[in-house]
Amino acid sequence: MPGSPATLITVAPTGAEADKSAAPALPVTLSELIVTAKECEVAGAAVIHVHIRDEAARPTLDVSRLADTVAALREGTGLIVQLSTGGAVTDSFASRLAVLDAAPDACSLTCGTVNFGDDVFANPWPFIKDLYQLTQERQVVPEFELFDLGQVATLHRLLAEFGPPAGGHVHCDLVMGVPGGMPGDVATLAAAVAVLPAGATWSATGIGRTALPVMLGALGAGGHLRVGMEDTLTFARGRPVARNAELVERAAELARLAQRPPCPPPRPAPSSPSPPAPPNPPAPAKPSKKSANDPSLPAGVYGCGNVHQRVCRLSQPYIGCGVSPLSRGACEV
Ligand code: KMH
Ligand code: ZN
């Protein structure tokens, strides 16, 4: 595994499919989402993949509601805000393109049509290329969602015809175990990773009971993780998920066990009010002389590799190490 990079954990807390009656812990209001996001950030998430609901808790792509959500997440957390452009299977292509009007840091971009249980999640080529070009125009970083191996071929075609994405780096998410998509097992994970574009980073998530095999396989193969109630409503056999944060906590614990601790988010989490200054404040610490290559530094600080570069492009100097977006080379492993 090159450089044993730290683990970027994405939380997908809501999705468009589950409802509160089946999953009482599902965050469906803005205040529930912010509470969840803060808890997940503390637990080790750096990115949030967001679907929102309307006042009746139905999935919606209402742009002003999305913009309010982006603003509230930026104000309340340091997480990278990735809006879903997948929405619900019933959403129109026009409303899915309009998601970018809410100006998120990042968005999902699914690379092909897939059967989705009894439904069809439609992503024909003309829509994919329109959405991709819009992400380039608006400088919104796409995460390429791959539900099946054929979608990797479409990703290659997209890059060949339209060039690199906003931010310059390709990051994918393997969504495995959807009924109709690729199975959530380690053999399929390895097959998909083998055909990703050279230099791409990737995360993986397994739907339902495939969550753990996919997570363990991804950690072993150098990938990053996505977890959350969009993908998994059961923590263990017969035990519903009580909070999204417990899924993040478990992912973070496994990442630490794998010697690949979670990457912190790129922006500082908005702090609680600072305590009053002590009467004799200690002398300011000397600036660290440590370099990115200092082996005494934990991998989670400098070891983020390409994902770190991508994160740095999105916002402020990376909170974990203070490396500015202009000195990206310093954080490579
Ligand atoms: N809700 C699914 C139909 C995405 O967010 O980009 C699509 C989905 C993918 O969740
Ligand atoms: Zn989604």
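Good morning. The model is predicted, so local features are given where pLDDT is at least 70 and side-chain atom pairs count only at pLDDT 80 or more, whereas totals for chains, interfaces and linings use all residues. Residues are numbered from 1 along each chain as its sequence is written, and chains are lettered from A and ligands numbered from 1 in the order in which they are written.

Let me begin with the whole chain. The chain has 10 helices and 14 strands. Here helices (H or I, at least four residues) and strands (E, at least two) are DSSP runs, numbered from the N terminus. Of the 333 residues in the chain, 47% are buried. A residue is called buried if 20 or more other C-beta atoms lie within 10 Å of its own, exposed if 12 or fewer, and partly exposed in between, with C-beta atoms placed from the backbone. Among contacts between residues at least 6 apart in sequence, 73% join residues at least 24 apart. A contact requires that the C-beta atoms of two residues, placed from the backbone, lie within 7 Å.

Let us follow the strands in turn. Two strands pair if DSSP finds at least two bridges between them. Strand β1, residues 9-11, pairs with β2 in the parallel sense over two bridges, and T10 has V47 in β2 as its bridge partner. β1, helix α1 (residues 30-43) and β2 make a right-handed β-α-β unit. Right-handed means that, with the strands pointing away from the viewer, the path from the first strand over the helix to the second runs clockwise.

Strand β2, residues 47-50, pairs in parallel with β5, residues 80-83, over four bridges. Across this pairing, H49 stands opposite Q82, and the partner of V50 is L83. Which residues of β2 are buried on each side? V47 and H49 are buried on one side, and I48 and V50 on the other, leaving both faces covered.

β5 in turn pairs with β6 in the parallel sense over two bridges, with A106 as the bridge partner of Q82. In β6, five of its five residues are buried: A106, S108 and T110 on one side, C107 and L109 on the other. Five bridges then join β6 to β9, again in parallel, and T110 has E145 as its partner.

Next, two buried valines. V99 is found in the loop between α3 (93-97) and β6 (106-110). Why is V99 counted as buried? It is because 24 other C-beta atoms lie within 10 Å of V99. Leaving aside neighbours within four places in sequence, V99 is in contact with L61, L66, L83, T85 and C107. V99 and L83 are 16 residues apart along the chain, and their C-alpha atoms are separated by 7.4 Å.

V114 lies in strand β7, residues 114-116. V114 is buried because it has 23 other C-beta atoms within 10 Å. V114 and L146 are 32 residues apart in sequence and 9.7 Å apart in space, C-alpha to C-alpha.

A further helix deserves mention. In α7, residues 211-220, the buried residues are A211, V214, M215, G217, A218 and L219. These pack against β10, α6, β11, β12 (224-227) and α8 (244-257). Just after α7, G222 takes a positive phi of about 85 degrees.

Thank you for your attention.
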